[in-house]
Each structure stands twice: as C-alpha cells, then as structure tokens.
Amino acid sequence: MNNTFDFRETWLHKINPSLKLLTMIFLFILVIFIHNLNQMILFTIMTMILFVFFTGHPYKRILLFSIPFLFIFISTTTSMIFFGKGDTTILRWGLVHVTEESLFRGIHLGFRALTYALLGLTFALTTRPVYLFYSMMQQLKLNPKYSYSFMAGIRLMPIMIEEFQHIRSAQKVRGVRTGAGMNGLFHLFKFTSIPLLSQCIRRAFRIAVAMEAKRFDYSKERTFYYKIGFSKVDVVFVGYFVVLTGLSFYLAQEFPFFPVTDVRD
Amino acid sequence: MKKGLKLTDILVTIVISIAFGIVYKIWGPLYYAVKPFGLHIDQLIYGMWFIAATVAFLIIRKAGVAFLAEVAASSGEFLMGSEFGLEVLLYGVVQGLFAELVIMAFRYKRYDLLVVSLAGIGAAIGSIFMDYYKGYMGDLSTWNFMLLIGFRLIGSVIFTGFMAFGIAKALEATGVTNLLRPASKEDYDALNQ
C-alpha cells in the first residue's frame, strides 16, 4: 500500500509485477537451501542494498520501516540460541543451554528472517496493487473475477478503518461499558468486530451484485485499461540476483568470515 | 447450479479476509513482543493467523473458500508491508491448503465446531511443516520442540476453532449471512403454497 505517501519512482517500480512476484518466491525457496552462514550474510546485504537505495522512499522513512527488523532479528535468533541442540557448551543456566552450534544457527535464522522481511517490504514499497493484479490477469492468466475482487477488496480497506472509528465513536456516545480484565476485553472485541464484519459483508454483497451486472466476471475477449508488458529493467532485475547470488556463493567459499560452512550440524 | 465460486462469493470472502488481514498485520508486533519471554508463549497466539479460513468457510460454506480466504488475508497483510515479508504469503498458501484439505475430508457438508477446530489443527500442521524447513525446528532440543508444537496446536484450536465459530454464530444472528445462502428447498416450498 504505497499510494498513501509520496515517493520517487525508481527502476524497481517499472519491473513487471508478476515477474517480480515470481522472482521473490523463487528467492524465498533458494534462501531455504542456503545453510552457509557466510553466504546468508552476503545475501542479506545484497537485498539490503535494493531496499535502502532503490525503493525511492526518503531515508528517514526507510529507517522507520527498519525498526521492526531489529525485533524480528532478536526474536528469531533467541529461541534457537537458547534452546537449540549442540555439543560445545558456551553457557548453561537453568533451562537455557547455549552452544556454539545453536549460536551460529540462531544468527543464521536471524539473517534469513531479515532477508525475507527485506524482500517483502521492497516488494510492497515498489508495487502498486492495481498493476500487480492487472499484470496477473495478463501474464499469469488469473481469472478476472479474482483480480477485480482483490482490487475492490483493497479499495475497501480505508472504508473499513473509517467504519471502525464510527463504531468506536458510537460506543462512546452511547456509553458502552465493558468490564475489566479478560472478560471485558472479550466483550469489547465482540461488540466491535461483529458490527464491523456484518457491515463489510453487506457492502461487499452490494458491490458484487453491481460488478456482476457490469460483467466484471466475464473472462473471454477481455480488454485491459492498463496494458502491462516486459522491458529492459526486468532483465536487469533478474540479472542482479543471478550475478550477486553467484558472487555471494563465491565469496563465501573463498573469504569466509565465520568458520561455519553448514549450520545444520 | 453453476460450478465453482461466483463473483459474489469471491468478493465477500476477500473482503472478510482483508479485514482479518489488518488483524494479522497488528498481530505481528504482538507476536514478537511476546516472543522474547521464551518458552514459546508466543505460540499460544499463533492460531489467530489461521482464523480467516474458517470464518469465511462458516459464512460462505463452499469449496475453495477456506483456501481463498487464507491466501487473501495473507496477501492483504503482505501488501500492507508485513514485518515478516514474503514469508506470510507462502505460509498463507500452505496453511490455507491444509485447512481446505481437512474441510474437504468432510465433503464440505459439516459446519460445526469440530470441523473448524480440525481445520485449525490442519493449518497449524501446515505452518509447522514450513517452519521445520525454514526455521530448523528439528534442531531445537526435543522438549522445547514438543512444547512449541503443543502450544501452537492449542492456540489454533482456541482461535481458529472456538473463536471463529463464535464469530460466525454471532454473524448468523445478525441475519447478514442469509444474503449469501442460495435459496433452499424449503424456500421454494414456501412459495408453492
């Protein structure tokens, strides 16, 4: 959802959205097969370069978006570091058992989570949902009734948030009081979510009837308002990952900074 | 009757799911705020991430809805820029698939608490399957691994089973679900009299 703030358009925005998505999914699978800590760190750095320099958002905002990454990194590493299997003990304290193996494995997982977060946020910041769904209809032959439903659903998001605020104000005006503790929280949840959801369903139903009447579900001989194709930047994008994945593999073999080649054992 | 989902079914499923997508997004920070306490307390709230599948199924009651809902909710979360990034989308696909398979095993004929709880467990197994490869979960010490699985299954029954069933029942009471049900035989009989 990048249409709420202003940003500079970069080459990452011009990539074919379907290709970008498929590349990202391929990279996700590729990263699962990286077991070498050195390569993992190099791979993270190369995705970070794209995120920091090429998303076209101001650095202050990039920094703001990076705050959760720290939490992700810490929360992913800790449980593996403290409770992982291993033989070379570094620290033992009650249930906590830190070993050299689990320490490296934990750090590896932290970097892996960081890579996923970086790739995902880079995608979200540089892709307009409308172009993504138009591209999926044209390149991936996704049925229009799914694409248009997704686009309508995304458009409804701000309305849902507004609706939520209306419900909260209405509750305040009418003096709705919920008790304290878990029970009160449960009631608050129920009194807010049920009207919100039921209103969502009513609205979605009305929109769907209108869309069906206008043949949005018609898939044969459909023409598209946005025509999305391929260009040179698509080659650059795929090339970037091919070259740098190779480079990270080579550097990890030749100049390792940690003596760990496989974190699994 | 026409085969497959109509645009109405799809749009309603997606809108419900995107509403849950917002919840999923908020759930992320909550999850990693709880996580550093250790001992997998966080796993008890993991089940919230499967809830879209069962709520949507209980409302629409058609084949494929659970899968579509989970994919839509996770892509909503993804497009809002989730902290977990790309993971959510692929986890969503796998979780939705496993939940759908459980519901399919009952031939889409049962809409009770048992089925949705089992669907929750199915989705949890899907997520554990993903975590096993991505998070080296097998390399946790055994007691810790068992604790994680236990907590996640309990959490998914609470959220995806009980809570989803509660929400669906409350929505039935508002009458809004009648919009979406096809006319039944009783309705036609009522007209013929």
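The exercises below concern helix packing and the chain contact in a predicted model.

**Exercise 1. Determine how helices α4(B) and α5(B) are oriented to each other, and which residues make their contact.**

Step 1. Helix α4 of chain B covers residues 86-105 and helix α5 of chain B covers residues 113-134; their axes come within 7 Å and cross at roughly 140°.

Step 2. Angles over 145 degrees count as roughly antiparallel.

Step 3. From α4(B), the contact includes Leu90(B), Val94(B), Phe98(B) and Val102(B). From α5(B), the residues include Leu118(B), Gly122(B), Gly126(B) and Met130(B).

Step 4. Sorted by class, the contact of α4(B) with α5(B) has 13 nonpolar, 4 polar and 3 charged residues. Among the residues in the contact are Glu87(B) on α4(B) and Asp131(B) and Lys134(B) on α5(B).

**Exercise 2. Classify the arrangement of α1(B) and α2(B) and describe their contact.**

Step 1. The axes of α1 (residues 7-34) and α2 (residues 51-60), both of chain B, come within 10 Å and cross at roughly 150°.

Step 2. With the limit for roughly antiparallel set at over 145 degrees, α1(B) and α2(B) are therefore roughly antiparallel to each other.

Step 3. Their crossing is right-handed.

Step 4. On α1(B), the contact is made by Asp9(B), Val12(B), Thr13(B), Ile16(B), Phe20(B) and Tyr24(B). On α2(B), the partners are Ile51(B), Ala52(B), Val55(B), Ala56(B), Ile59(B) and Ile60(B).

Step 5. By class, the contact of α1(B) with α2(B) divides into 10 nonpolar, 1 polar and 1 charged.

**Exercise 3. Describe the contact between chain A and chain B, and locate the salt bridge between them.**

Step 1. Chain A gives 63 residues to the contact and chain B gives 53 residues.

Step 2. The two chains bury about 5300 Å² between them, with 80% of it on carbon and sulfur atoms.

Step 3. Side chains of opposite charge can pair when their charged atoms come close. The cut-off used here is a side-chain nitrogen of Lys or Arg within 4 Å of a carboxyl oxygen of Asp or Glu.

Step 4. The side chains of Asp139(B) and Arg105(A) form a salt bridge at 3.5 Å, N to O. Between chain A and chain B the count is 1 salt bridge.

Step 5. Over all chains the count comes to 7 salt bridges. Asp139(B) lies in the loop between α5 and α6 (142-174) of chain B, and Arg105(A) lies in helix α5 (residues 100-126) of chain A, so the pair joins two chains.

How values were computed
Residues are numbered from 1 along each chain as its sequence is written. Chains are lettered from A and ligands numbered from 1 in the order in which they are written. This is a predicted model: local features need pLDDT of at least 70, side-chain atom pairs count only at pLDDT 80 or more; totals for chains, interfaces and linings use all residues. Side-chain values use heavy atoms; hydrogens and water are left out. Axes are lines fitted to C-alpha atoms, for helices over the stretch in contact, and angles run from 0 to 180 degrees between N-to-C directions. Helices (H or I, at least four residues) and strands (E, at least two) are DSSP runs, numbered from the N terminus. Contact means heavy atoms within 4.5 Å. Ala, Val, Leu, Ile, Met, Phe, Trp, Tyr, Cys and Pro count as nonpolar, Asp, Glu, Lys and Arg as charged, and the others, Gly among them, as polar. Buried area is the accessible area (1.4 Å probe) that two parts lose on being put together, summed over both. Angles under 35 degrees count as roughly parallel, over 145 as roughly antiparallel, 65 to 115 as roughly perpendicular and the rest as oblique. A crossing is left-handed if the near helix is turned anticlockwise from the far one by less than a right angle, and right-handed if clockwise.
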